[in-house]
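Let's walk through a protein model together, one stop at a time. Keep the sequence and the 3D view open as you read.

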Amino acid sequence: MSFDGVFTHGMISELSEKLVAGRISKIHQPYENEIVLVIRSKGKNHKLLLSAHPSYARVQLTAIAYANPDTPPNFVMMLRKFLEGAILEHIHQVENDRVIHFTFTKRDELGDLQNIVLIVELMGRHSTIVLMNKENGKILDAIKHIGSSQNSYRSLLPGVEYIEPPKQEQQNPFSASKEKVFELLSKTSEINGKYLQSQFQGLGKDTADELAFRLKEHPNEKMLVWQSFWASLENEVAPTLTIAAKKEYFTPLPFISLEGKQQSFNTLSELLDAFYGGKAEKDRVKQQGGELIHKIENELKRNQSKVVKLQQTLADTEHAENYRRDGELLTTFMAQVPKGAEFVELPNYYEEDQLLPIKLNPALTPNQNAQKYFQKYQKLKNAVKVVHGQIEQATQEISYLESVLSQLEIAGPMDIEMIREELIEQGYVKKRGAKKQKQLKKSKPEEFYSSEGDLILVGRNNLQNDQLTLRTAKKTDVWLHAKDIPGSHVIIKNAAPSDKTLMEAANLAAYYSKYRLSAQVPVDYVQVKHVHKPNGAKPGYVIYENQKTLYVTPDEQLLETLKENNPTTFRSN
């Protein structure tokens with residue numbers, strides 16, 4: 001489902017109940033198109049996300065952590081000037097459209113009360129956030145500046161009068177009279193989603209199709225079905241995530257037209273965190289980490305090509321003895337070798353004097369041809385000494401680069417800078433400008449608790465993996481890692497965990513690996529004292545012995561359960 005007018009209506013009710021009369025304590029702009037307002041209301045801090053993202057535009061409360069830029073953008077500075085400390089008086093939806101007005105009051109420098117409106121327009125790629133002075137209707141600032149050359153209908157620039165988006169002429173389904181609804185439903189012999197969208201405001205495709213489905217099921221009770229549907233949206237919201245045909249849908253009610261696995265949530269905001277969290281995070285990682293991914297993929301291809309060439313060189317060394325043999329035969333029977341010949345057949349005393357054809361360079365003398373074969377022989381023999389080492393080095397490089405790519409796939413935006421610092425340290429990425437870099441907070445491994453209360457730690461990058469395994473973990477703790485696969489180091493803080501805890505930790509190791517989408521992933525486990533890092537090895541690379549192996553299928557739902565386990569529950573038992 002899209003964030004349509006119907007979903008907006010439900011979200012307004014949810015936000016109004018939790019936030020109205022609350023005071024803004026903090027304002028952040030973590031990403032280009034997104035604002036986070038921290039509002040203190042009813043004794044709690046709430047993070048209100050206002051997103052004008054072209055693909056993920058929405059308004060919701062969120063529990064997701066966001067990283068803030070070193071330098072606050074101009075728009076957030078303007079918001080702080082007018083809204084820090086302001087009281088949220090009212091949240092209003094324009095008809096059943098995706099336009100929301102947040103009205104705040106705050107005293108200015110002279111002590112006079114002023115009304116400021118923060119307008120969020122959820123219009124796909126045209127989504128925007130506008131700060132407006134309610135008294136004069138003038139725009140104070142907008143998250144996206146739109147001039148008259150870009151939009152002839154209206155400009156979104158500081159100092160310009162705010163003009164609302166074009167109004168929809170259809171009926172508002174929440175306020176339309178029974179007579180009007182009956183008239184519109186009776187106009188057509190076949191009610192479908194497109195017809196409903198053409199007659200009523202704010203119906204996304206999924207909502208319109210669901211309503212049409214319900215009306216068709218009870219063709220003689222259309223008004224009863226209609227009233228029941230809208231009454232449920234007003235009074236019995238049941239946020240639902242449905243997975244149907246490998247696609248996810250978020251809806252304010254369980255939609256009977258969507259057949260699939262359904263999951264319920266307590267609030268619409270929790271539902272949106274579940275639906276958008278991973279998608280939006282991946283999109284941000286793709287934007288912020290795109291340069292790193294491109295760089296690592298190029299380095300990976302270069303090393304893979306290098307291994308292929310080295311293996312060919314190694315294969316060529318198997319023929320080294322043939323070059324020595326040909327050189328010796330040319331030296332022994334030099335008198336029989338005609339000058340300027342392209343090849344010669346000589347008795348091969350290594351195989352009972354059978355004649356052996358030997359290729360020659362006609363531009364060289366017989367002696368020079370013999371020396372050429374000896375040189376090839378010596379070169380290949382010398383190569384054998386170093387090629388094995390070069391292959392091992394390149395293979396380790398490939399393993400390291402694959403581990404970084406695997407980490408980037410599951411990294412959140414806050415992990416990107418840590419991975420960048422690691423790549424700078426390893427010489428893959430150049431350090432940015434000479435200006436002073438912000439000191440990065442020391443990252444911590446992900447924490448989980450097994451169903452029996454054991455703490456399980458998971459490294460999210462290679463520097464974290466090294467820190468976790470080589471410095472943080474006790475020698476008696478249990479270490480796990482996907483077998484022969486790039487992935488995270490996992491530590492169970494227990495010298496003798498149960499089989500159930502081992503399987504749960506192995507599931508985490510499999511999920512945080514390159515094969516997270518595979519079945520029956522092998523995971524090795526062993527006590528930390530049997531894990532060692534070779535001198536000069538890349539971050540995250542270790543060797544180990546005395547391991548045992550488990551086979552698990554990564555389960556994301558189990559991961560969420562282990563993340564949500566409350567350690568205080570186990571301590572009290």
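Helices α12 and α13 are oblique to each other, a word used here for angles that are not under 35 degrees (roughly parallel), over 145 (roughly antiparallel) or 65 to 115 (roughly perpendicular). Helix α12 covers residues 499-511 and helix α13 residues 556-564, and the two pack at an angle of about 120 degrees with their axes 10 Å apart. Helices (H or I, at least four residues) and strands (E, at least two) are DSSP runs, numbered from the N terminus. The axes are lines fitted to C-alpha atoms, for helices over the stretch in contact, and the angles run from 0 to 180 degrees between N-to-C directions. The crossing of α12 and α13 is left-handed; that is the name when the near helix is turned anticlockwise from the far one by less than a right angle, while clockwise gives right-handed. On the α12 side you will find Glu504, Asn507, Leu508 and Tyr511, which meet Glu556, Leu558, Leu559 and Leu562 of α13; contact means heavy atoms within 4.5 Å.

A word on where this comes from: the model is predicted, with local features needing pLDDT of at least 70 and side-chain atom pairs counting only at pLDDT 80 or more, while totals for chains, interfaces and linings use all residues. Residues are numbered from 1 along each chain as its sequence is written, and side-chain values use heavy atoms, with hydrogens and water left out.

Now for another helix pair. Helix α5 (residues 205-217) packs against helix α6 (residues 222-235) at an angle of about 140 degrees, and their axes are 9 Å apart. This pair is therefore oblique as well, but α5 passes α6 in a right-handed crossing. Thr207, Glu210, Leu211, Arg214 and Leu215 make the contact from α5, and Lys222, Val225, Trp226, Phe229 and Trp230 make it from α6.

Which residues have the most contacts inside the largest nonpolar core? They are Leu37, Leu48, Leu50, Leu83, Phe102 and Leu118, in a core of 46 residues. Helix α7 (residues 268-317) gives the largest share of this core, six residues. A nonpolar core is a set of buried Ala, Val, Leu, Ile, Met, Phe, Trp, Tyr and Cys residues joined through side-chain atoms within 4.5 Å. Leaving aside neighbours within four places in sequence, Leu118 touches residues including Leu37, Leu50, Leu83 and Phe102.

Is His489 buried or exposed? His489 counts as buried because its relative accessibility is 0%; buried means under 20% relative accessible area, exposed over 50%, and partly exposed in between (1.4 Å probe, protein chains only). His489 sits in the loop between β17 (478-482) and β18 (490-492). Its side chain makes a polar contact with the side chain of Thr469 at 2.7 Å. Such a contact is a pair of N or O atoms within 3.5 Å; within protein, one must be able to donate a hydrogen and the other to accept it, and residues adjacent in sequence count only if both atoms are side-chain atoms.

Asn382, in helix α9 (residues 366-410), is partly exposed at 37% relative accessibility.

Finally, look at the backbone. Most residues other than glycine have a negative phi. Lys246, however, has a positive phi of about 60 degrees. Lys246 lies in the loop between β10 (240-244) and β11 (247-251) and is exposed, with a relative accessible area of 88%.
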